[in-house]
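Let's walk through this structure together, one feature at a time. Keep the sequence and the 3D view side by side as you read.

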Amino acid sequence: MQPIISIIDAALLGLIEGLTEFLPVSSTGHLILAAAWLDLYRNPAAKAGIDAFGIVIQSGALLAVAGIYAPQIRSILLGLSGRDPAGRRLLLLLMAGFLPAAIIGLLAESYIKATLFDIGPVAGALAVGGLCMIVIERRSRRKPRVDPCWQEKQVFDMTIRSALVIGVSQCIAMWPGTSRSMVTIMAARLLGFQPKVAAEFSFLLSLPTLGGATFYEFCQQGPMLLRSTGPVVLMLGLSVSWLVAWLAVKGFLAYLNRNGMEIFGWYRILLAGVLLLWFF
């Protein structure tokens, strides 16, 4: 079978996945746009395999986050054995944040893939999301929370209610172009969390959410994906995604603590305008 993705294409898609997965700019949207720009959709029969490739190489980015947040993961594992109450609580918070996306994702998967994986919906989601980011970021800076019940300084101090709200907001990101990290971080910001804590919970929540989606996609499309891309191409995409995601997360956290997220909102709006002019 002729490979649907070349080694160069795999490296480029891995780079884009790693760079954008945890930035609030939508990795899925960028991968769809990159595939269109690389003309990978020229064969309609290959579209499902290309989209599956984009989802599966998320594993590389997830491994990067798992490495960066290894202490928190260790705490969770100790919590399972009853030796770390804070880790057990963090696990409950992540489960509360994960469940809404798991349920709605299974129910809406077919509709999302058939309807929203296209340039128009992606551009619309980029623009609307960018505008929301700018408004929310400015609001959070202008009107800080003063009620003590909102002053939750660490992820371990988050309430189950807050985790559920963030989890429900995460469902919005099933629309390609929206960005899972954007909606979860912005939801946490609206709940009064500082940017660093909001980002930490968002990234930890990605482990069950994206890990589950990746595992499900590989179970569904894995054999076809390995036949149509080959293990070398797939591993290359994963490896590049891992390396770039590690650097991107470290850089994003450092930037976020100093500058906030407004610049990413403007980037999304600019990109949406370019896309509409280019493709339409």
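A66, G67 and I68 in α4 meet A70, P71 and I73 in α5, where contact means heavy atoms within 4.5 Å. By class, this contact has 5 nonpolar, 1 polar and no charged residues; Gly counts as polar, while Ala, Ile and Pro count as nonpolar. Helices here are DSSP runs (H or I, at least four residues), numbered from the N terminus.

This is a predicted model, so local features need pLDDT of at least 70 and side-chain atom pairs count only at pLDDT 80 or more, whereas totals for chains, interfaces and linings use all residues. Residues are numbered from 1 along each chain, and side-chain values use heavy atoms, without hydrogens and water.

Back to our helix pair: the axes of α4 (residues 58-68) and α5 (residues 70-80) come within 5 Å and cross at roughly 80°. The axes are lines fitted to C-alpha atoms over the stretch in contact, with angles from 0 to 180 degrees between N-to-C directions. The two helices are therefore roughly perpendicular, a label covering 65 to 115 degrees.

Next, look for E137 and R189, which form a salt bridge with their closest N and O atoms 3.7 Å apart (the cut-off is a side-chain nitrogen of Lys or Arg within 4 Å of a carboxyl oxygen of Asp or Glu). E137 lies in α7 (residues 119-142) and R189 in α9 (residues 180-190), so the pair ties together parts 52 residues apart in sequence.

Methods
Parallel < 35°, antiparallel > 145°, perpendicular 65-115°, else oblique.
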